[in-house]
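Student: Could you go through this model with me, starting with how far it can be trusted?

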Amino acid sequence: MLDDSDSTKTTQRSLLRWGSRFAGGAALGALLVALPLTYGSPLGPDPVQIASVSFVIIGCGLMGMLWGQALINAVLDALGKTGL
């Protein structure tokens, strides 16, 4: 039986949950960035492209924190319908 009276355990579980949601969303963002690279689209060391890639990955991580598994399921479902 879990003892929920200890607030530090609740805080640690909450931080772990938010962290895992961010990591899942960021991994999803990295997957979305990697898709064009698999088809031969070169990604040069242009600062604008690096900033765009970073924005996509961090943005997906933040959206993953907010919407959690629902976001990941929706994006993977949309990717599944593309026939990739």
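The chat below takes up confidence, then a helix, a surface patch and a salt bridge.

Student: What is the mean pLDDT of the chain?
Tutor: The mean pLDDT (the predictor's confidence in each residue, from 0 to 100) is 79, and 79% of the residues reach 70 or more. This is a predicted model, in which local features need pLDDT of at least 70 and side-chain atom pairs count only at pLDDT 80 or more, while totals for chains, interfaces and linings use all residues. Residues are numbered from 1 along each chain as its sequence is written, and side-chain values use heavy atoms, leaving out hydrogens and water.

Student: Which element has the highest mean pLDDT, and which the lowest?
Tutor: Helix 2 has the highest, 88, and helix 3 the lowest among the elements of the chain, 80; helices here are DSSP runs (H or I, at least four residues), numbered from the N terminus.

Student: How many residues does helix 2 have, and how far does it reach?
Tutor: Helix 2 has 21 residues and spans 30 Å from its first C-alpha to its last, close to the 30 Å expected at 1.5 Å a residue, where the expectation is 1.5 Å times one less than the number of residues.

Student: Which of its residues are buried?
Tutor: Cys60, Gly61 and Gly64 are buried in helix 2, where buried means under 20% relative accessible area, exposed over 50% and partly exposed in between (1.4 Å probe, protein chains only). Seen down the axis of helix 2, the buried residues fall within an arc of 100°, taken from the directions from the axis to the C-beta atoms, so they line one face of the helix. On the other side of helix 2, Pro47, Val48, Phe55, Leu66 and Trp67 are exposed.

Student: Which residues make the nonpolar surface patch?
Tutor: Trp18, Met63, Leu66 and Trp67 make a patch of about 430 Å²; patch residues have over 30% relative accessible area and no salt bridge, with nonpolar side chains joined within 5 Å (like charges within 9 Å). Helix 2 (residues 47-67) gives the largest share, three residues.

Student: Why does Leu66 count as exposed?
Tutor: Leu66 counts as exposed because its relative accessibility is 60%.

Student: Changing topic, how many salt bridges does the structure hold?
Tutor: The structure holds one, a salt bridge being a side-chain nitrogen of Lys or Arg within 4 Å of a carboxyl oxygen of Asp or Glu. Lys81 forms this bridge with Asp77, the closest N and O atoms being 3.7 Å apart.

Student: Where do Lys81 and Asp77 lie?
Tutor: They are four residues apart in helix 3 (residues 69-81), and therefore separated by about one helical turn. Lys81 is exposed at 66% relative accessibility, whereas Asp77 is partly exposed at 44%.

Note on methods
Accessible areas come from the Shrake-Rupley method with a 1.4 Å probe; for residues, only the protein chains shown count as cover. Helices (H or I, at least four residues) and strands (E, at least two) are DSSP runs, numbered from the N terminus.
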